[in-house]
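Hi,

Here is the structure for you to look over. My notes follow below it.

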Amino acid sequence: MAGLKKLILVTADHHPLHKYFKELAEELSRKYSVPLEVRMEDYLFLIEHGDTDEYGMAWVPQLLAELETGAIVKVLTKPMLDSMGNISKENDLRTSIENIERAVKS
């Protein structure tokens, strides 16, 4: 069982979801008492560790985590919408926590 070392947010100041993802990442950082590393437009890191489209291109923002083993896992790579198609912080937190817990238990 690997522990959580830190959260990594890859984002861009100008992106409409930047503040939303940053607030979410900060909340998770406090919950798990781990540092939050913010990387600006690090597309190479995302191509290697994050989600990409069918052409291999990454997008921002994406939230990932580094485990104590050095493994990088995806926490939240796109917002989880509610049934009306709106961003749901509750859904995003739940999904993020599930992904972190699953990774830590592996």
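In which helix does N99 lie? N99 lies in α3. Helices (H or I, at least four residues) and strands (E, at least two) are DSSP runs, numbered from the N terminus.

Two points on the basis. This is a predicted model, so local features need pLDDT of at least 70 and side-chain atom pairs count only at pLDDT 80 or more, while totals for chains, interfaces and linings use all residues. Residues are numbered from 1 along each chain as its sequence is written, and side-chain values use heavy atoms, with hydrogens and water left out.

**N99**
N99 has a relative accessible area of 18%, so it counts as buried (under 20%; exposed is over 50%, partly exposed in between; 1.4 Å probe, protein chains only). Not counting residues up to four places away in sequence, N99 touches K74 and V75 (contact means heavy atoms within 4.5 Å). A polar atom of the N99 side chain lies 2.7 Å from the backbone oxygen of V75.

**T77**
T77 sits in the loop between β4 (72-76) and α3 (89-105). T77 is buried too, at 10% relative accessible area. Leaving aside neighbours within four places in sequence, T77 is in contact with D51, W59, P61 and Q62. The side chains of T77 and D51 are joined by a polar contact of 2.6 Å. That term means a pair of N or O atoms within 3.5 Å; within protein, one must be able to donate a hydrogen and the other to accept it, and residues adjacent in sequence count only if both atoms are side-chain atoms.

β3 (residues 62-67) and β4 pair in the antiparallel sense over four bridges (pairing needs at least two DSSP bridges). E66 has I72 in β4 as its bridge partner. Four residues separate the strands, and G70 takes a positive phi near 95 degrees.

**Helix α1**
The buried residues of α1 are H18, Y20, F21, L24, A25, L28, S29 and Y32. Why do they line one face? Seen down the axis of α1, they fall within an arc of 165 degrees, so they line one face of the helix. The arc is that of the directions from the helix axis to the C-beta atoms. K19 and R30 are exposed on the other side of α1. The buried residues of α1 pack against β1 (4-11), β2 (36-40), β3, β4 and α3. S33 follows α1 and has a positive phi, near 55 degrees.

Best wishes
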